[in-house]
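Here are my notes on this model, as numbered points. Please read them with the viewer open.

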Amino acid sequence: MKKLLLLALFCLVGSGVYAQNNSHNGHEWVDLGLPSGLKWATCNVGASSPEEYGDYFAWGETTTKSIYTRENCASYEQSWGDIGGDYSLDAATANWGGDWRLPTKKEFQELRENCTWEWTTQNGYNGYKVTSKKNGQSIFLPAAGWRYDAYKACVGKDGYYWSSTPDEISADNACDLYFSEGYHFVDWDYRFDGRSVRPVLED
């Protein structure tokens, strides 16, 4: 009898019944083996696959717009602290719910330092394949470009991803991850521009 129970348990594990479900609130994540234990989503907010661009948000706003300007930016010149996890300000939290939030400046730096970055094309979309140096797992960050006024710029060439971290010096700016073919770094940019959002999940 015990042998039959063990065999049944083995079959259940093998069939994936007890396999780890790498999703939270309906959205998938990847464990990159980072020192912080942070989990990264596989898609941008507004996208249904890793390579799709998804939606564009001004910093501190949770909905998209047809025009992105200083005048219609809620966060511009506002002395706000870190907005991570705030349902009224964090586009990741507001749109995905649960414990999803924007990454911080420090967490973007962790991603850069603990992964290899390969510029590639996935299903016709340019971007970076970001692969963990520890466990070989990866995510794809498409070069979605950015939005200003009523226009899109640098689509397929550059990527701009908001963090939750405000600029400590200027209330005009916030921290983002910027990349193009051959380089990637953490930068400061105007809050009113529309940029991509890639949510994260704490361990």
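1. Contact here means heavy atoms within 4.5 Å. By that criterion, and not counting residues up to four places away in sequence, valine 130 touches Leu32, Leu111, Cys115, Thr116, Trp117, Gln137, Ser138, Ile139 and Leu141.

2. Basis. This is a predicted model: local features need pLDDT of at least 70, side-chain atom pairs count only at pLDDT 80 or more, and totals for chains, interfaces and linings use all residues. Residues are numbered from 1 along each chain as its sequence is written, and side-chain values use heavy atoms, with hydrogens and water left out.

3. Core. A nonpolar core is a set of buried Ala, Val, Leu, Ile, Met, Phe, Trp, Tyr and Cys residues joined through side-chain atoms within 4.5 Å; buried means under 20% relative accessible area (1.4 Å probe, protein chains only). The largest such core has 18 residues. Leu32, Trp40, Trp117, Val130, Leu141 and Phe179 touch the most other members. Two or more residues each come from α3 (105-113), β4 (115-122), β5 (125-132), β6 (138-142) and β10 (173-180). Helices (H or I, at least four residues) and strands (E, at least two) are DSSP runs, numbered from the N terminus. Another core, of 16 residues, lies apart from it and includes Ile83, Leu102, Trp162 and Val197.

4. Sheet. Three strands form an open sheet in the order β4-β5-β6, with antiparallel pairing; strands pair if DSSP finds at least two bridges between them. β4 and β6 are the edges, each with a single partner strand, so one side of each lacks a neighbour in the sheet.

5. Pairing. β5 and β6 run antiparallel and are joined by 5 bridges. Tyrosine 128 stands opposite leucine 141 in β6.

Technical notes:
Buried < 20%, exposed > 50% of the residue type's maximum accessible area, 1.4 Å probe, protein only.
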